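The following note is intended for a colleague who will read the structure alongside its sequence. Please consider the points in order.

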Amino acid sequence: MSQLIRIAVSGGGLAGVSLLQALLKSSHLDIHIFESAAAFKESGMAIGIARNALAALELIGPSATECLKRAGAVPMKGVRFMLAQGESQGSLIDEVDGEQLLAGVPEERMHAAKKKKLDETKRNDDGSLILHFTDGTTHECDILIGADGIHSTDDPAASPRNTGTWLVMTLQPFSIEDAREYSWIRDGSFILHNLLSDGQLVQFVIASYDKEAESTDRWNRSVNAEEIKSLYKDWPPHLSKAVDELLCDQPEHQGMYLWEHPPAHTYVSGPICVMGDAAHATTPWQGSGGGMSIEDSLVLSTLLGCAKTPSEAVTALKVYDQVRRPRTHRIVESSHGTGMIMRGRGKDIGLDLGKLREKLLPRRDFIVDYDNEKHLKKAVEIMKGELKG
Ligand SMILES: Cc1cc2nc3c(=O)[nH]c(=O)nc-3n(C[C@H](O)[C@H](O)[C@H](O)COP(=O)(O)OP(=O)(O)OC[C@H]3O[C@@H](n4cnc5c(N)ncnc54)[C@H](O)[C@@H]3O)c2cc1C
């Protein structure tokens, strides 16, 4: 017979919320989620959900396509994924009409405005944990899952690092007839554009690299119009013009540095583990951070669902670590290399169009052509083997 296992999830982003939804299927798991923000909401940034993540969502439960559609997802021409938009069109996380990822979650399990204090989790003699929150309250559980994003420092994984690459994103009305997503690569800099909101808005992203910022603790950067002009002055005229019109009409833009986790030696420490960006934040060049979070949720929830006692739940975390780390490390590393190529700095590739075509296009195959079911089955087998002993 299964005993009640108390699970606390810290962080209500895509990782925490998809995990919560997946864990609710197991009635012997007593789950509570704690989010530091005042409400469970997505940040509003557009992210693409690739087919590996769609497959994982479907295995978790709610029909992914329906869920994404209601979240304002739009099919995109020329790329192999859907785009889930944020606040402007509804969201994956927010319960807009009862069909999103938080649909059906009992309110008493969701705790907003609860910031878990970092490095203050106490272990009792019986192995259970006491979490402390900044409002002075506490919560007792058997398992703690840190889904608190890249800024989490309360984790057994390595600390993330600034890659030195920055990007500026803008979303505005602009006339581009071709709805496909385009990426333009030049020596050291990059442009991406695609259409959102039924073609009403163009998302425009520029990126470049700042050696001095690499490995520093800087998250943001002001990029002024003069710098943008000088970076893009030798680009084809229609692109320089678009950059000029969309980005140089104001003196400064706020850019973000791209951070990533170097390979961690573990995602687990006893009854505590990390997932999503808290474990393996990646640069966005292959649009896979959110997808990895959803895959994590599928594996972690299935393994925890197999556990009958808190001690077996600790084994579930160990197996989660074993099966997820190789894939997530590979994706983070692949994304880093893709970023080099996208800035025209790929080793032995540079700006050679033939080589770009040959090397760049297949880089995403291992990410999207992923057999979630097969890997899940393997994880469950490993867990059964561990439990037999
Ligand atoms: C420019 C850019 C483009 C991207 N594009 C894509 C894409 O196309 N496709 C894709 O799959 N991924 C993409 N990503 C990555 C994706 O956005 C992230 O991987 C994903 O959102 C991570 O989800 P998460 O839940 O792990 O972390 P987060 O979304 O950061 O959520 C963490 C949550 O924890 C909360 N929290 C933090 N500290 C505490 C605490 N102490 N106590 C309680 N709560 C806490 C936070 O408030 C937050 O709600 C992109 C990222 C960037 C930067």
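How many nonpolar, polar and charged residues does the shell around the ligand have?

1. The shell around the ligand comprises eight nonpolar, 16 polar and five charged residues. In this classification Ala, Val, Leu, Ile, Met, Phe, Trp, Tyr, Cys and Pro are nonpolar, Asp, Glu, Lys and Arg are charged, and the others, Gly among them, are polar.

2. The model is predicted: local features need pLDDT of at least 70, side-chain atom pairs count only at pLDDT 80 or more, and totals for chains, interfaces and linings use all residues. Numbering runs from 1 along each chain as its sequence is written.

3. The ligand is surrounded by 29 residues, of which the closest are Gly 13, Gly 149, Gly 276, Gly 289 and Gly 290; a residue is near a molecule if its C-beta atom, placed from the backbone, lies within 6 Å of it. Two or more shell residues each come from helix H1 (14–23), strand E3 (47–49), helix H6 (277–280) and helix H7 (289–306). H7 gives the largest share, four residues.

4. The protein has eleven helices and 18 strands, taken as DSSP runs (helices H or I, at least four residues; strands E, at least two) numbered from the N terminus.

5. Mean pLDDT, the predictor's confidence in each residue from 0 to 100, is 86 for the protein, and 86% of its residues reach 70 or more. Confidence is highest in strand E1 (residues 5–10), at a mean of 98, and lowest in strand E5 (residues 82–84), at 41. Where pLDDT is low, the predicted coordinates should not be read in detail.
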